[in-house]
Amino acid sequence: MENIDYRSEGIVFDIQRFSIHDGPGIRTIAFLKGCPLSCKWCCNPESQDLKPTVMFKADACIHCGKCLGACKYGALSPDNAALVDRAACKACGECVNVCPTGALVMKGKRMTVSELVRELKKDAGLFRRSKGGITVSGGEPLVQAAFLTELLKACKEQGWHTAMETTGLASEAVIEQVFPWVDMALLDIKAMDPAAHRANTGVSNDIILKNSIAISGISPTVVRVPTIPGVNATESEFRAICAHVKTMKGVGTIHILPYHTYGENKYGLMGKEYQFKETPSLTKEEIAGLQRLVEGEGFKCVIGG
Ligand code: SF4
Ligand code: SF4
């Protein structure tokens, strides 16, 4: 095994245990901060900014003003319904430390590879017994490529299976650096239509589609399609996605991830508006129709993660 820099530091915003959806067996998911996309339906909007994010629960605030006195950067104002000016916030955490009611919560903290592996080791027995492992998610883990690479190398040294949820948006050099350490890539394809992709994620799909082919040549890959009414939940989009996936290497499975609103309340905690409020869920019949289409194109189709 190559040298591993266990002191490499990243920003982690959550660790979830006992997942059975994001790779084989039972998995522990480490969520890394930062994402180059801003999907309008994102269920982890607190992941998008690379720096830690202060969440404000207005209904827990007793207006004591302690946080206002603690902030040295002028980022807090009682005149701001969202309380926090995110552009001015330096994520120092002082306001969270002084808040007596827990109305302010910090999402994201610095961890070294060594600290994160120590946390993950608590589940090592479970990984072994269930043939599971670790899944890295985000945000987009590739944003923290240096930390991610050292983390994955450290996991491989422990003998753990590694999976990664990814949008595939990164430089060619980062793709080549990271994926040799990934046993399973769970790659999102959000839309083939370039205009729909840009309008709903904030970025072009050019590099993502190009990288998807490169990724499938390095790591066994499963394609996942967050299926969003009004964006990509159509036969023509799914036919285009299937046609693209056929140009990737060895991809046999496509997951349909039906649109849900689980992350909606987090937008309020960040003073943001959830733009998909009026979007209806897909009906069972609509999901079944898309599943038939994917299977008819020769893929195994899984509903959900
Ligand atoms: S985290 Fe620091 S900079 Fe940000 S609002 Fe709180 S005290 Fe101000
Ligand atoms: S310290 Fe907490 S309870 Fe007091 S004003 Fe700030 S957010 Fe509200």
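**Exercise 1.** At what angle do helix α3 (residues 113-121) and helix α5 (residues 145-157) pack, and how far apart are their axes?

Solution. The model is predicted.
Step 1. Two packed helices are described by the angle between their axes and the distance between the axes.
Step 2. For α3 and α5 the angle is about 40°, and the axes are 10 Å apart.
Step 3. Angles under 35 degrees count as roughly parallel. α3 and α5 are therefore oblique to each other.
Step 4. The crossing in which α3 passes α5 is right-handed.
Step 5. On the α3 side the residues that meet α5 are Val113, Leu116, Val117 and Leu120. On the α5 side they are Phe147, Glu150, Leu151, Ala154 and Cys155.
Step 6. Sorted by class, the contact of α3 with α5 has eight nonpolar residues, no polar residues and one charged residue.

**Exercise 2.** Repeat the analysis for helix α9 (residues 235-245) and helix α11 (residues 284-296).

Solution. 
Step 1. The two axes cross at roughly 30° and come within 10 Å.
Step 2. The cut-off for roughly parallel is an angle under 35 degrees, and α9 and α11 are therefore roughly parallel to each other.
Step 3. α9 passes α11 in a right-handed crossing.
Step 4. From α9, the contact uses Glu235, Phe238, Arg239 and Cys242. From α11, Leu290, Leu293 and Val294 take part.
Step 5. The class count for α9 with α11 is five nonpolar, no polar and two charged residues.

**Exercise 3.** Is Arg224 buried or exposed, and with which side chain does the side chain of Arg224 make a polar contact?

Solution. 
Step 1. Locate the residue: Arg224 belongs to strand β9 (residues 221-227).
Step 2. The relative accessible area of Arg224 is 3%. Buried means under 20%, so Arg224 is buried.
Step 3. The polar contact is with the side chain of Asp22, at 3.2 Å.
Step 4. List the surroundings, leaving aside neighbours within four places in sequence. Arg224 is then in contact with His21, Asp22, Glu165, Leu186, Leu187, Asp188, Ile189, His255, Leu257 and Gly305.

**Exercise 4.** Describe the backbone at Phe18, at Lys131 and at the peptide bond from Gly138 to Gly139.

Solution. 
Step 1. Phe18 has phi near 65°, which is positive although the residue is not glycine. Phe18 sits in strand β1 (residues 9-19).
Step 2. Exposed means over 50% relative accessible area. Phe18, at 57%, is therefore exposed.
Step 3. Lys131 also is a residue other than glycine with positive phi, near 55°. Its place is the loop between α4 (124-130) and β6.
Step 4. At 66% relative accessibility, Lys131 counts as exposed.
Step 5. The bond from Gly138 to Gly139 is cis, and its omega is near 10°. Gly139 is in the loop between β6 (133-137) and α5.

**Exercise 5.** How far apart in space are the C-alpha atoms of Lys107 and Ser77, and of Leu68 and Asp85?

Solution. 
Step 1. Lys107 and Ser77 are 30 residues apart in sequence, and their C-alpha atoms are 20 Å apart.
Step 2. Lys107 lies in strand β4 (residues 104-107) and is partly exposed at 23% relative accessible area.
Step 3. With residues up to four places away in sequence left out, Lys107 touches Phe13, Lys33, Glu46, Pro52, Thr53 and Met55.
Step 4. For Leu68 and Asp85, the chain separation is 17 residues and the C-alpha separation 12 Å.
Step 5. Leu68 is in helix α1 (residues 66-70) and is partly exposed, at 31% relative accessibility.
Step 6. On the basis of the contacts that leave out residues up to four places away in sequence, Leu68 touches Leu76, Ser77, Pro78 and Leu83.

How values were computed:
Residues are numbered from 1 along each chain as its sequence is written. Chains are lettered from A and ligands numbered from 1 in the order in which they are written. This is a predicted model: local features need pLDDT of at least 70, side-chain atom pairs count only at pLDDT 80 or more; totals for chains, interfaces and linings use all residues. Side-chain values use heavy atoms; hydrogens and water are left out. Axes are lines fitted to C-alpha atoms, for helices over the stretch in contact, and angles run from 0 to 180 degrees between N-to-C directions. Helices (H or I, at least four residues) and strands (E, at least two) are DSSP runs, numbered from the N terminus. Angles under 35 degrees count as roughly parallel, over 145 as roughly antiparallel, 65 to 115 as roughly perpendicular and the rest as oblique. A crossing is left-handed if the near helix is turned anticlockwise from the far one by less than a right angle, and right-handed if clockwise. Contact means heavy atoms within 4.5 Å. Ala, Val, Leu, Ile, Met, Phe, Trp, Tyr, Cys and Pro count as nonpolar, Asp, Glu, Lys and Arg as charged, and the others, Gly among them, as polar. Buried means under 20% relative accessible area, exposed over 50%, partly exposed in between (1.4 Å probe, protein chains only). A polar contact is a pair of N or O atoms within 3.5 Å; within protein, one must be able to donate a hydrogen and the other to accept it, and residues adjacent in sequence count only if both atoms are side-chain atoms.
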